[in-house]
Amino acid sequence: MDAATAGTDLEHVLLSREQVATRVAELAADLDRDYADKDVLLVGVLKGAVMVMADLSRAMSIPLSMDFMAVSSYGSGTKSSGVVRILKDLDTDISGRHVVVVEDIIDSGLTLSWLLANLSSRGPASVKVCALLRKPEAAKVEVDVEYVGYDIPNEFVVGYGLDFADKYRNLDCVATLAPHVYS
Ligand code: 5GP
Ligand code: MG
Ligand code: MG
């Protein structure tokens with residue numbers, strides 16, 4: 001779905017389809033360079049990271065493996081609590097592996113911080129993070145994110161994997177929603 005089709009549901013487009021594609025290709029080139037001599041495992045965090053995973057991995061030239069995890073943050077409403085439950089674990093034993101966690105967005109950083117501690121306890125050779133989006137103003141914990149697509153303002157966004165009530169994930173750009181959609 002493009003922004004024109006979504007129409008008045010959107011307030012404004014932060015990142016066009018082209019801007020996303022350009023930056024994803026650059027991140028892919030960075031990963032190609034940094035993992036040229038390593039056996040890399042991309043770990044996508046469902047469901048938000050599916051678009052980044054699909055486009056990033058296809059834009060990469062080195063051989064790689066993929067796995068997925070699904071996690072849910074306990075707590076009320078839309079705010080992350082930092083207490084995380086694994087809904088789907090990896091199929092892969094990551095001991096001794098070079099892992100790159102692929103995320104849609106880093107907001108408070110609480111989910112990622114928990115995930116990194118969890119993955120690190122499994123004895124990987126390395127764990128790095130690649131996130132398409134980051135909201136620096138929303139950070140509650142410091143997390144090292146080596147590969148960031150775009151830093152964005154502290155606004156709720158949808159599209160390119162990101163949802164509101166499980167909708168708009170298939171929007172091809174990143175946008176804020178019009179107020180009438182929430183109410
Ligand atoms: P954190 O634990 O960093 O606060 O939140 C991580 C998760 O919250 C993200 O992976 C994403 O699923 C969701 N999230 C955070 N900010 C946004 C946003 O602006 N839009 C949407 N749709 N989801 C968000
Ligand atoms: Mg996510
Ligand atoms: Mg969501």
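## Overall fold

Contacts between residues 24 or more positions apart make up 67% of the contacts in the protein chain that have a separation of 6 or more. The model is a predicted one. Of the 183 residues in the protein chain, 33% count as buried. The radius of gyration is 16 Å, which agrees with the value near 16 Å that a compact globule of 183 residues would have. Along its principal axes, the C-alpha trace spans about 50 × 35 × 25 Å.

The protein chain holds five helices and nine strands. Their order along the sequence is α-β-α-β-α-β-β-β-α-β-β-β-β-α.

Strand β6 covers residues 126–134. Seven of its nine residues are buried, so the strand is largely enclosed by the rest of the structure. The cut-off behind this is 20 or more other C-beta atoms within 10 Å of a residue's own.

Strand β5, residues 98–106, runs parallel to β6 and is joined to it by eight bridges. In this pairing, valine 102 stands opposite cysteine 130 of β6. The chain passes from β5 to β6 by way of helix α4, residues 110–120, and this β-α-β crossover is right-handed. Strand β7, residues 147–151, also runs parallel to β6, with four bridges between them. Here leucine 133 has tyrosine 150 of β7 as its bridge partner.

Helix α4, which lies on the path from β5 to β6, has buried residues at Leu110, Thr111, Leu112, Trp114 and Leu115. These buried residues pack against β3, β4 (84–88), β5 and β6.

Helix α3 spans residues 50–59, and its Met51, Val52, Met53 and Leu56 are buried. The elements covering the buried residues of α3 include α2 (17–34), β2 (40–46), β3 (64–73), β5 and β6.

## The three-stranded sheet

Strands β1, β9 and β8 form an open sheet in the order β1-β9-β8, with antiparallel pairing. Strands β1 (10–15) and β8 (157–158) stand at its edges; each has a single partner strand, so one side of each is left without a neighbour in the sheet.

Three bridges join β1 to β9, residues 174–177, and these two strands run antiparallel.

## Glutamate 137

Is glutamate 137 buried or exposed? Glutamate 137 has 11 C-beta neighbours inside 10 Å and therefore counts as exposed, since the limit for that class is 12 or fewer. Its place is in the loop between β6 and β7.

Leaving aside residues up to four places away in sequence, glutamate 137 touches Pro153 and Asn154. Glutamate 137 lies 38 residues from valine 99 in sequence, and the two are 27 Å apart in space, C-alpha to C-alpha.

Definitions and conventions. Residues numbered from 1 in each chain as written. Chains lettered and ligands numbered in written order. Predicted model: local features only at pLDDT ≥ 70, side-chain atom pairs only at ≥ 80, totals over all residues. Pairing = 2+ DSSP bridges. Right-handed = clockwise from strand over helix to strand, strands pointing away. Contact = placed C-beta atoms within 7 Å. Rg over C-alpha atoms; globule rule 2.2 N^0.38 Å.
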